[in-house]
Amino acid sequence: MKDIKSIFRNLEKKLKQAKWFEDDWEIYNRGPYLQLYKSSWHNHNQGGIHFETYIEAPQITQKSFPICLHAEEDCPSRSEFMQRFLELEEERIKGWKGYQIIAKDHHILQKTLPLNFKNLEQRLYDELSQLSKLESSIEQALQELGS
């Protein structure tokens, strides 16, 4: 099996070189697990708003893994945030192949990808780059809620 940790290290480097990746984007990378978020998204303890993906033992067994948008317990007015965010972005997300809007607990949306190692790093980069397009609506929803 390929080294997942090295794929995630290379992914982090690639994200930091992306045209859209600016100073206030942050990455939390602990091996086979990565969060991507903006500094204003209340995610200082990894419990706010973030894009997340991971490939750990259960995902290897299932031969699939998720890429998600979460709003966890540190997100102020979480249910109101999720509702406002989806008002802004639901139509666009519905047009994205494979993405499901969950809007339950801390899960906002998710796409499950098959785990094959061909171009895995590039596929992760492409998905996170696409999700980064949701940045302005996340910022807008937080701002409207006074967060």
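User: In which loop is Asn 119 found?
Analyst: In this predicted model, Asn 119 has a positive phi of about 55° although it is not a glycine. Most residues other than glycine have a negative phi. As for its place in the chain, Asn 119 is found in the loop between β6 (107-114) and α4.

User: Is His 42 buried, partly exposed or exposed?
Analyst: His 42 is found in the loop between β2 (33-38) and β3 (49-54). His 42, not a glycine, has a positive phi of about 55°. Buried means under 20% relative accessible area and exposed over 50%. His 42 has 24% relative accessibility, so this residue counts as partly exposed.

User: What is the relative accessible area of Ser 132?
Analyst: Ser 132 is found in the loop between α4 (120-131) and α5 (135-144). The cut-off for a buried residue is under 20% relative accessible area. Ser 132 is buried, because its relative accessible area is 7%.

User: Which residues does Ser 132 touch, not counting those up to four places away in sequence?
Analyst: A contact requires heavy atoms within 4.5 Å. Leaving out residues up to four places away in sequence, Ser 132 touches Trp 20, Trp 25 and Phe 51.

User: Which residue has its backbone oxygen 2.6 Å from a polar atom of the side chain of Ser 132?
Analyst: A polar contact is a pair of N or O atoms within 3.5 Å. At 2.6 Å from a polar atom of the Ser 132 side chain lies the backbone oxygen of Ser 129.

User: In what order do the elements of the protein chain run?
Analyst: The protein chain has 5 helices and 6 strands. Read from the N terminus on, the order of these elements is α-β-β-β-α-β-α-β-β-α-α.

User: What radius of gyration does the protein chain have?
Analyst: The C-alpha atoms fill a box of roughly 45 × 30 × 25 Å along the principal axes. For 147 residues, a compact globule would have a radius of gyration near 15 Å. The protein chain agrees with this, having 15 Å.

User: What percentage of contacts between residues at least 6 apart in sequence join residues at least 24 apart?
Analyst: Of the 147 residues of the protein chain, 46% count as buried. Among contacts between residues at least 6 apart in sequence, the share that joins residues at least 24 apart is 55%.

User: How far apart are the mean positions of the positive and negative charges?
Analyst: The protein chain has 20 positive and 23 negative charges. Their mean positions are separated by 10 Å.

Technical notes:
Residues are numbered from 1 along each chain as its sequence is written. This is a predicted model: local features need pLDDT of at least 70, side-chain atom pairs count only at pLDDT 80 or more; totals for chains, interfaces and linings use all residues. Side-chain values use heavy atoms; hydrogens and water are left out. Helices (H or I, at least four residues) and strands (E, at least two) are DSSP runs, numbered from the N terminus. The radius of gyration is taken over C-alpha atoms; the globule rule is 2.2 Å times the number of residues to the power 0.38. Buried means under 20% relative accessible area, exposed over 50%, partly exposed in between (1.4 Å probe, protein chains only). Lys and Arg count as positive and Asp and Glu as negative; His and the chain ends are not counted. The place of a charge is taken as NZ of Lys, CZ of Arg, CG of Asp or CD of Glu. A polar contact is a pair of N or O atoms within 3.5 Å; within protein, one must be able to donate a hydrogen and the other to accept it, and residues adjacent in sequence count only if both atoms are side-chain atoms.
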